[in-house]
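Hi everyone, thanks for making time. I'd like to walk you through one model today, so please have a look at it while I talk.

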Amino acid sequence: MSYAPDGQQQYQPYRPAPEGQYRQPRPPHDGPPPGPPYGHGQGYGQGQGYGQAQGQGYGHEGAGYGQGPDQGYGHEYDYGPPQPPEEPRRRSRGKRWLLAGVAVLGLAGIAAGVMYHFEIPPFTDKGSAVSFGQPAGGGGGGGGAAKQAPNSKMLMPTGPAADFKNAQTLPDGTHIAVTTLDGKKSGFKGKVWVWAPKEYNDPKFAKSGFPVLIALPGGAGYPNNYWMGTDLGLQSSISKWYAEGKSKPFILAMPVLNPGPDDKGVYWDGSDIPGQPKMGTWLTDDVPDLMKANFRTIKSRDGWAFMGSSTGGFAGMKAVLKYPDRFKAVVASGPDIVPDSSLWKGHDKEKAENNPELLAKDLIDKKGPDVYIAFQVGDSESNKRTLPDVQKFIATYGNKGPVHTSLKVIPGGKHNAKTYVPNMGEGPIQFISKVMEGPVE
């Protein structure tokens, strides 16, 4: 269930099937393409600066000495004694200062381009502290000067404030920030990237809580989460969909999915596997607690959802089915339906407790609460079982009692995030947004 995203250095190991059965290694999971090469301008010479600098090169301003067409010892038809040669014309002091200034500006531009490219302050704000919202009066750095009404649906930041550092500034001025979370409940320590839409800082929403979408990657999901700031466009898509009336203005939480690389065919199913790091608790307790501590969120489950691709889709779907009192919805793209990590061997009871099929059956038997699963699957997925398995799950459990499902089949769609993000805006994001709340006071 672990796929390496395209453009990232990931391992593509053989993974044994559950109970020791033989299984072919999985094809790679595509993801964000590689970034642009260093530098975006022309090299030295010809008047162009390095990288993004726009200064002029040296030695192209002004003419040399004594090169005028009429210089020398007189003209051919002059009468009278030969005239002494003219002194070469000196450049004026002003022009020399001008040229020196141009050269200095050119060098400064080159230096600025180099420092910007290599993210050296003060030419970039990467690494600077980020405080989301309005700090005055806020309990946890997410801020908000307004007091919370007793009957409010909104939860003010509970604190303590996390140490967020800017990872990227988007064109609309919003920030993707990163912090290292020391999970108090799971005992796992790892990175979480966060992003809030520009509406979060809009004064008219100063008293409002926002819904949270926990976005999980496929592949190893370690040491990075490929949703954070890549050209997949998840953040900008959320803003676009909200402007189009398709989506809630979600705050995004983008944690690492696994505690280490899956270089030996080992992955954790987003679960608490006995004897292993408690990645299930990390995703469903510690990450939500981080968001509540630092942002104006929503008290009820109506403001909490997951999304994910591949392994992340499985982990998000499982979390919603296992904890329907905390989470209401999920967008599951190209997910596996059952747990299949080799680490489950000898732990059949715990494995069953993390099986979405059994969790869905149990939720139906208990008659709720209602959950909403928006599936999307490409019809050209590398794993040919993905679409039939999802269709079987929907036929067996979907739209029966509290388990509400939708399915978007993507024509020509493959098993990669580049397929999934744009298609989220054509059905899946609307499906979950209709049943969620936010912004709310």
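A word on ground rules. This is a predicted model, so local features are described only where pLDDT is at least 70, side-chain atom pairs count only at pLDDT 80 or more, and totals for chains, interfaces and linings use all residues. Residues are numbered from 1 along each chain as its sequence is written, and side-chain values use heavy atoms, with hydrogens and water left out.

Confidence comes next. pLDDT is the predictor's confidence in each residue, on a scale from 0 to 100. The chain averages 79, and 68% of its residues reach 70 or more. Residues 2–90 have pLDDT below 50, and beyond near neighbours in sequence this stretch has 145 contacts in the model, where contact means heavy atoms within 4.5 Å. Residues 135–145 are also below 50, with 36 contacts beyond near neighbours in sequence.

Now the overall picture. There are nine helices and 11 strands in the chain; these are DSSP runs, helices being H or I with at least four residues and strands E with at least two, numbered from the N terminus. Of the 441 residues, 49% count as buried. Buried here is under 20% relative accessible area, exposed is over 50%, and partly exposed is in between, with a 1.4 Å probe and protein chains only. The accessible surface is about 21,300 Å², and carbon and sulfur atoms account for 53% of that; areas come from the Shrake-Rupley method with a 1.4 Å probe, and for residues only the protein chains shown count as cover. Among contacts between residues at least 6 apart in sequence, 71% join residues at least 24 apart.

On to the sheet. In what order do the nine strands of the open sheet run? The order is E2-E3-E4-E6-E5-E8-E9-E10-E11, with mixed pairing; two strands pair if DSSP finds at least two bridges between them. Strand E2 (165–169) and strand E11 (403–410) stand at the edges with a single partner strand each, so one side of each has no neighbour in the sheet. On average, neighbouring strands are turned by 20 degrees against each other, direction ignored.

Let's start at the E2 end. E2 and E3 run antiparallel, joined by four bridges, and Thr169 has His175 in E3 as its bridge partner. Their hairpin has five residues between the strands, and Gly173 there takes a positive phi near 90 degrees. E3 and E4 are antiparallel too, with seven bridges, and Ile176 stands opposite Trp195 in E4. This second hairpin has six residues between its strands, with Gly187 in the turn at a positive phi of about 80 degrees. For a parallel pair, look at E8 (residues 304–309) and E9 (residues 329–333), which share five bridges; Gly308 is partnered with Ala332 in E9.

Next, the helices. H2 lies across E3, E4, E5, E6 and E8, at about 160 degrees to E6. Axes are lines fitted to C-alpha atoms, for helices over the stretch in contact, and angles run from 0 to 180 degrees between N-to-C directions. Buried residues of H2 (residues 234–243) include Leu234, Ile238 and Trp241. H8 (residues 417–424) lies across E8, E9, E10 and E11, at about 115 degrees to E11. Six of the eight residues of H8 are buried, among them Tyr420, Val421 and Met424. Their cover includes H2, E8, E9, E10, E11 and helix H9 (428–433).

Now some single residues. Leaving aside neighbours within four places in sequence, Ser247 contacts Trp241, Tyr242, Ile429 and Ser433.

Leu321 is one of the residues touching the most other members of the largest nonpolar core, which has 85 residues; such a core is a set of buried Ala, Val, Leu, Ile, Met, Phe, Trp, Tyr and Cys residues joined through side-chain atoms within 4.5 Å. Not counting residues up to four places away, Leu321 touches Pro356, Leu359, Ala360, Leu363, Val371, Ile373 and Phe393.

Last one: Asp362 is in helix H6 (residues 356–366). Asp362 is partly exposed, with a relative accessible area of 34%. The C-alpha atoms of Asp362 and Leu321 are 9.1 Å apart, with 41 residues separating the two along the chain.
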